[in-house]
Amino acid sequence: MTTNDKKYPKRILIVGYRILNWLYILIIPILRNRFSTKFLVIAPLGVKNDFMKVLNKEDEFITYDDQLEDMCSHGFNKDLGKEEKIAREIEKKYSINYMRDIIQQDRSLSASFLSYSPKYIWNKSRLSNNQNLIKLVNGYVKYTEEIIEKYQNIDMAFVWPVDGLSATMSNIFESRGVKVTYPYNSKYKSFGFWVNNAFQDSSKLEKSFKNTTFKQIISEENLQPPETGWTDTRKMDNTFSTKSLLKNLIKTILFRVEFLLIDLIKFDFTKKKRISLLSSLSFHINSWSLYRTLGKISERSITSFDQKPFLFYALPLEPEFSVQARCKEFNDQKSIIKLLALNMPAGYDLVIKEHSDIGRRDKSFYTELLKLPNIKMAHPSLRGIDLVKKARSVATMAGTVSLEATMMGKRVIEFSLHSSFSFLNNIFTVKEISKLKDIVSLAMENLDNNTKEKIRQDGSRLPEAIMNISFEAENTPLFYGNNTALSKKELNKSVDLLIETFNE
């Protein structure tokens, strides 16, 4: 596509989100100056001043607060039977499902009844029954349709579907042909990219991959896990020590006292949508206790897995967008792990390892799985990348191990229809559970050197393919850092890549 053929966004709707706002604020002036783009921002009151510094009189800022949610919670102000009928009509109109595509994406709505996180801090839903949930989503739909009616020239939306409103908006906008995007972690070093749709797929990376050629094998010694904000596995004993537990408990209590004092000074006695103090304290205690339990039921020495070929499954953090959204069709991890074990060829093991953010799952989650004789557990302090090196193959939801395993010449089983890597020849995407036995058997085959080499060649092309569609955002909130600036080169590249995404 030539420059003259490109289209540019007339009005962009932005739903603010904490770790993304910094980039939106940086690119708004550039988009306005280059393309005369207008903006509509929906975000909490706390960030209004930051956005107003870059918005002008042709733009608008709408506060997203409890009052907006209270308004939405009434739905269409109809009786329950009519609300439910309206909901079914909306699902058909936009080809969505309320539970899967919207409610599941909001952890404060779903964490209490989905099986993934009984110890998560949002352990009580703010809505108690299905009728209230349906009314709330109806209200989100009504609100979104009113926005579309009022601002008819919205042709692009920065909406990360991580709660009820943003998930509703992203689904409706895409159904109406509006490009939905947001910056996202590429799984490689500190490179971020603009996604090509709300729940993502592999088309963007596949196109870039086809434009690369193999140059040389990237050695396993040069492989490094991507930047994250999570605990360094080598320091986990300190992170989950009794001393650290006491510090976390004291900090949590002091923060709550600070909030209460601020409310008192402001004479603000309205009910706040805050995590309960008891849930926060309980989470820290459970994390500390669970780490000790995992030490007793898992293997600390990586050489203990040398006896048999094994399939490695790294448990992702939950609730998490990469699981509940990118694997929204099927993401019950206990069931997935059991199915993998039940379909494992005789004489092979399934090795699982918990995410470094320990404490969201209950002890019974692990003890139930470890009853299966071919499931073993690696201690959380072992690096996932080291287990990938030793494994015959790996299984994942939509995790980084797909990239790491490919670069090491291994096959991968994915349980995501929205993975970035599903186009690769070594990736097996599970679409039908009845076919899992055959997939596991293929994945566990002992590959000849030629096949391994071809997979590694593809893996060695991936970094270049990723960098070609990405901008570098080292130490920014996108990678759990505090830097809210980009170099002029990377900032301009991020805008150019955004326009390419708009034209896809």
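**Questions on the sheet, helices and salt bridges**

Me: In what sense do strand β11 and strand β12 pair, and over how many bridges?
Reply: This is a predicted model, and the answer is computed from it. Strand β11 covers residues 393-396 and strand β12 covers residues 411-414. Their pairing is parallel, over four bridges.

Me: Which residue stands opposite Arg411 of β12?
Reply: Arg411 belongs to β12, the strand that pairs with β11. The residue opposite Arg411 is Ser393.

Me: What is the strand order of the open sheet? Which are the edge strands?
Reply: The open sheet has six strands with parallel pairing, in the order β10-β9-β8-β11-β12-β13. An edge strand here pairs on one side only. That applies to β10 (375-378) and β13 (427-429).

Me: By how many degrees are neighbouring strands of this sheet turned against each other on average?
Reply: The value is an average over neighbouring strands of the sheet, with direction ignored. It comes to 25 degrees.

Me: Which strands does helix α14 touch, and what angle does its direction make with that of β8?
Reply: Helix α14 spans residues 333-342 and packs on the sheet. The strands it touches are β8 (310-314), β9 (349-353), β10, β11 and β12. Its direction and that of β8 make an angle of about 175 degrees.

Me: Which strands does helix α18 lie across, and at what angle does it run to β12?
Reply: Helix α18 is formed by residues 436-443. It lies across β11, β12 and β13. Its angle to β12 is about 155 degrees.

Me: Which parts does the salt bridge of Glu368 and Lys338 tie together?
Reply: The two side chains meet at 2.4 Å, N to O. Glu368 is partly exposed at 28% relative accessibility, and Lys338 is partly exposed at 25%. Glu368 lies in helix α15 (residues 363-369) and Lys338 in helix α14, so the pair ties together parts 30 residues apart in sequence.

Me: Are Arg361 and Glu354 buried or exposed?
Reply: Arg361 and Glu354 form a salt bridge, with their closest N and O atoms 2.8 Å apart. Buried means under 20% relative accessible area. Both Arg361 and Glu354 are buried.

Me: Does Lys437 count as buried or exposed, or in between?
Reply: Lys437 forms a salt bridge with Asp438, at 3.4 Å between the closest N and O atoms. The relative accessibility of Lys437 is 47%. Buried is under 20% and exposed is over 50%, so Lys437 counts as partly exposed.

Me: How many salt bridges does the structure hold?
Reply: Some salt bridges are linked in a network, including those of Arg100, Asp101 and Lys328. The total for the structure is 22.

Me: Where is Thr501 found, and what is its relative accessible area?
Reply: Thr501 is found in helix α20 (residues 488-502). Among the residues it touches are Lys179, Trp194 and Asn196. Thr501 is buried, and its relative accessible area is 0%.

Me: Why are α4 and α7 oblique to each other?
Reply: The axes of helix α4 (residues 80-94) and helix α7 (residues 130-150) come within 10 Å. Contacts between them involve residues including Leu80 and Tyr94 in α4, and Gln131 and Glu145 in α7. The crossing is left-handed. The axes cross at roughly 55 degrees, an angle that is therefore oblique.

How values were computed. Residues are numbered from 1 along each chain as its sequence is written. This is a predicted model: local features need pLDDT of at least 70, side-chain atom pairs count only at pLDDT 80 or more; totals for chains, interfaces and linings use all residues. Side-chain values use heavy atoms; hydrogens and water are left out. Two strands pair if DSSP finds at least two bridges between them. Helices (H or I, at least four residues) and strands (E, at least two) are DSSP runs, numbered from the N terminus. Axes are lines fitted to C-alpha atoms, for helices over the stretch in contact, and angles run from 0 to 180 degrees between N-to-C directions. Contact means heavy atoms within 4.5 Å. Buried means under 20% relative accessible area, exposed over 50%, partly exposed in between (1.4 Å probe, protein chains only). A salt bridge is a side-chain nitrogen of Lys or Arg within 4 Å of a carboxyl oxygen of Asp or Glu. Angles under 35 degrees count as roughly parallel, over 145 as roughly antiparallel, 65 to 115 as roughly perpendicular and the rest as oblique. A crossing is left-handed if the near helix is turned anticlockwise from the far one by less than a right angle, and right-handed if clockwise. Lists of a residue's contacts leave out its neighbours within four places in sequence.
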